Amino acid sequence: MSDLYARESRSVSKMAHLRFFPQAVVGGSGAYLTGDDGRQLLDFAASWGAVSLGHSHPAVREAVNRALSDQAGASYLSTANESCVLLAEKLLSLVPERARGRVWFGHSGSDANETVARMVVAATGRPRILAFSGAYHGGTVGSMAVSGHPAQQGARAEGLTLVPYPNSYAAGSPEAAKDTALAHLERLFATEVPPEEVAAFFIEPIQSDGGMLVPPDGYFKAVEGLCRKHGILLVSDEVKVGLGRSGRFNAFEHSGIEPDIVVFGKGLGGGLPISAVVGPEAIMNHAVAFSLQTVHGNPVCAAAALAVLRAIEHDHLVENAERTGTVLRKALDRLAARQTLIGNVRGRGLALGVELVTDRVSREPAARQTALTVYRAFQLGLVLYYVGVRSNVLEFTPPLTLTESQAQEGVAILDQALADVAAARV
Ligand code: PLP
């Protein structure tokens, strides 16, 4: 361990970024990263879901190389490029009919959500926005303005109202979580927040950074009903859990809803920076005025995104996320039977979370043990990260190409890491 800290002080510490591990990576292939000491690390984080096809995927490499030689000089701003046109057509075919208008491209989930936040208020003339407590929609001022994660206090928009995300584990059952969350929303509309003043409701179809919360059956269907009744635009932030990760192409499909606006990011570029907003023409036309960025619609990133979408389809990666996610989930459930730090295992497909508690009855968050587990797993060869409003949820967002044996390999390492932390060997 002391060696690793020595390495950190020499090199990695010069980076002004959040990082969990004191080591630089020099390469990667599929679900594995290669550390600068030659160690192979199994990557259950995939750069927080961005490296959707795994590291150095041949299809992404080839598309990027071709785009660099063919289109490096192609214009992004005043003329469109072919990759973006094709990508826009493809994305329009992947969203519900009501969202099939136009597409805006950005660089990150943050700029996409910021664009939506500004657009919906301008398009509807309504000043208010709803989002969830614990929601992470980005790190720019405009996306933090519509977020509810504790890390983003102080940046919230005046017109933002946060509502609780239904938490089945905390509430004791999915039904109780659903009833409480819906009652809160209905009370809000009857008292503090006139629904006719609300432009949009930003939803996370699974609340990932807030703790990998899976909505109870029927909850989002009821939310959709309320939105339709009051003319509120439903915005699905698919940045982290969309594009196949949940075991369906769009994560909102699990809830049987049809959002008006869909936001894509992270995995779209397979690791390259590109995001997209897809929505009705009358709303999307407002994006032009707000979100002019010099290199958005970059043909190299768009080519990578086309390769990602093609691979998801041709290699049946949505099905793989569902199948391998089930294997991973079952292995984590078995771990929970032995490891008393585990309070709850949840998620969908390859978007999974494990909540750690100091005591299964009081459910006190085990934040310190969570951080130690992540670090111990890294020492043992597994890259993980943690999320949650109380920083006690291990998050799993591995590449969609993860195999069943890699899933088992990662859980075996996690098993050892949890045992070492529980026995205070770290
Ligand atoms: N939306 C969700 C649901 C996210 O999880 C994130 C990032 O974690 C973002 C938006 C912001 O995306 P980015 O970090 O690419 O700006």
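**Notes on the strands and their helices**

1. Strands β2 and β3 (residues 40–43) run antiparallel and are joined by three bridges. The model is a predicted one. Within this pair, T34 stands opposite Q40 of β3. The two strands make a hairpin, with four residues between them. In that turn, G38 has a positive phi of about 90°.

2. β2 also pairs with β1 (residues 25–29). This pairing is antiparallel, over four bridges. G27 has T34 of β2 as its bridge partner. Here too there is a hairpin, with two residues between the strands. G30 sits in the turn and has a positive phi of about 60°.

3. Which residues of β2 lie on its covered face? They are L33 and G35. Y32 and T34 lie on the uncovered face. In a regular strand, side chains alternate between the two faces of the sheet.

4. Now the open sheet. Seven strands build it, in the order β4-β10-β9-β8-β7-β5-β6, with mixed pairing. Its edge strands are β4 (102–106) and β6 (160–163), and each pairs on one side only. Neighbouring strands of the sheet are turned by 20° against each other on average, direction ignored.

5. L130 has F201 in β7 as its bridge partner.

6. Two helices deserve a look. Helix α4 (residues 82–93) lies across β4, β9 (261–264) and β10 (275–279). α4 runs at about 120° to β4. Helix α9 (residues 219–230) lies across β7 and β8 (233–237), and runs at about 165° to β7.

Terms used. Residues are numbered from 1 along each chain as its sequence is written. This is a predicted model: local features need pLDDT of at least 70, side-chain atom pairs count only at pLDDT 80 or more; totals for chains, interfaces and linings use all residues. Two strands pair if DSSP finds at least two bridges between them. Axes are lines fitted to C-alpha atoms, for helices over the stretch in contact, and angles run from 0 to 180 degrees between N-to-C directions. Two residues are in contact if their C-beta atoms, placed from the backbone, lie within 7 Å. A residue is buried if 20 or more other C-beta atoms lie within 10 Å of its own, exposed if 12 or fewer, and partly exposed in between; C-beta atoms are placed from the backbone.
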